[in-house]
Every structure is written in structure tokens, then in C-alpha cells.
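The entries follow in the order in which I worked.

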Amino acid sequence: MTRIKKRCGFETDAGAQCKANAQQVSGFCFFHDPAVADKRAAARRAGGLSRTRPLQVPADVQPKQLHTASDVARFLAETINQVRGGKLDTRLSNAIGYLSGILLSAIEKSDYERRLSALELATAQARPSHIVPLESEMTFDFVQRPIAAPSQSNDKQETNQSH
């Protein structure tokens, strides 16, 4: 037999009822039960204190050289084990995870660029000499055009002046 849960008995000034489930003893939820006001205050203080506690960082932190995806994977494995062992603060591990994702994207992009450059170089070196280069590889020398002949109106003026 399923038991129907009772809603909190608190009503707002506008008459709306709290939608949280009521505790069995009081008929109110934890947030509106007048009997647990001291517990609520202690919980608020504890929440505030946990936010202001310093980050837990291992004492033996050494810089890591993270140049490849494998380096990042090993570093993340170490970080996971430190969090699981209670040696590293979860806030710090979240930052490490986020920054590792950015670093992996940068490593991947630089790897693509390196591979593309190597492919372009190999293609250029393998091209037979009898193949005409692409238009983008051609260079052109521009020749200065001769100055245009005088217009007809100037010729008529000169002819009229000489007569």
C-alpha cells in the first residue's frame, strides 16, 4: 500500500501553499517548521563556512608538462584518484577538468595544423616537374601600359590653331 505524502502546511502572504513534502512529525517542511529554526540556522552557517574554506591542495604539487592527449589523460587519472582519496578539493578538480578540456582542444587543433603542413610539404615535393602549377601558385609580372594617344578633340584644336 502506497502512502500519500502530505504537503507542507505553510502558506505565503498571498495564500499560496508550499509545494514541499511535510515532515511526518510537524506537518511542515524543513524550511518552514518553527521547531527546527535552530537547525536551519546551523545548516545555513555550515553552508556558508563550506564555501569559504580554503582549497585543499596536495603539498607535493609539481608542474606537469602536458603536450599530448596522453599526457592530459594521465594527469586526469591522477586528479581523479586524488579526489577519490580525499586529497584534492572537488572545486579544484572541477577547474582542472574544465581547463583540461580546453587544452585537449588546443592540442587537437595544433596536431591538425602540423599534419596539414606535413601533407602540403609532401605533396609539393612529390609533384612531377612537368605538371603545371595551380593558378594560386603562379606569379605574374605586370607590364606598364603605354600612355593613351591624345583624344580627337585635342587634334581638332591643334588643326584649327595652325590655319
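I looked up Arg115, which is partly exposed because its relative accessible area is 48%, where buried means under 20% relative accessible area, exposed over 50% and partly exposed in between (1.4 Å probe, protein chains only). I worked on a predicted model, in which local features need pLDDT of at least 70 and side-chain atom pairs count only at pLDDT 80 or more, while totals for chains, interfaces and linings use all residues. Residues are numbered from 1 along each chain as its sequence is written, and side-chain values use heavy atoms, with hydrogens and water left out.

Which residue does Arg115 form a salt bridge with? I found Asp111 as its partner, the closest N and O atoms being 3.9 Å apart, under the definition of a side-chain nitrogen of Lys or Arg within 4 Å of a carboxyl oxygen of Asp or Glu. Both Arg115 and Asp111 belong to helix H3, where they are four residues apart, about one turn of the helix; helices (H or I, at least four residues) and strands (E, at least two) are DSSP runs, numbered from the N terminus.

I then followed Asp111 to Arg114, and their side chains also meet in a salt bridge, at 2.5 Å from N to O. This pair lies in helix H3 too, with Asp111 and Arg114 three residues apart, about one turn of the helix. I noted Asp111 as partly exposed, because its relative accessibility is 28%, whereas Arg114 is exposed at 52%. Taken together, Asp111, Arg114 and Arg115 are linked in a network of salt bridges.

**Entry: a pair in helix H2**

I searched the whole structure and got five salt bridges. One of them joins Arg74 to Asp71, with 2.7 Å between the closest N and O atoms. About one helical turn separates Arg74 and Asp71, because they are three residues apart in helix H2. Is Asp71 buried or exposed? I recorded Asp71 as buried, because its relative accessible area is 17%.

**Entry: the chain as a whole**

I listed four helices and zero strands for the protein chain, and from the N terminus on the elements run α-α-α-α. Of its 163 residues, 12% count as buried.

I also checked Val36, which is found in the segment before helix H1 (37-52). Val36 counts as buried, because its relative accessibility is 12%. Between Val36 and Ser26 I noted ten residues in sequence and 9.9 Å in space, C-alpha to C-alpha.

**Entry: a nonpolar patch**

Which residues form the nonpolar patch on the surface? I found Tyr98, Leu99 and Ile102, which together have about 350 Å² of accessible area, from the Shrake-Rupley method with a 1.4 Å probe, where for residues only the protein chains shown count as cover. Patches are made of residues with over 30% relative accessible area and no salt bridge, like charges being joined within 9 Å and nonpolar side chains (Val, Leu, Ile, Met, Phe, Trp, Tyr) within 5 Å. Leu99 sits in helix H3 (residues 90-126), and I marked Leu99 as exposed because its relative accessibility is 52%.

**Entry: the largest pocket**

Last, I looked up the largest pocket, in which lies about 280 Å³ of space. On a 1 Å grid over the protein atoms alone, a pocket is an open set of points where a 1.4 Å probe fits, with protein on both sides within 12 Å along at least five of seven lines, and lining residues have an atom within 4 Å of a point. Grid points are joined across faces, edges and corners, and a volume is the space filled by probe spheres set on the points.

I counted 13 lining residues, of which Val61, Gln62, Lys64, Phe75 and Gln82 lie nearest the centre of the pocket. Helix H2 (69-84) and H3 each supply at least two residues of this lining, and the largest share, four residues, comes from H2.
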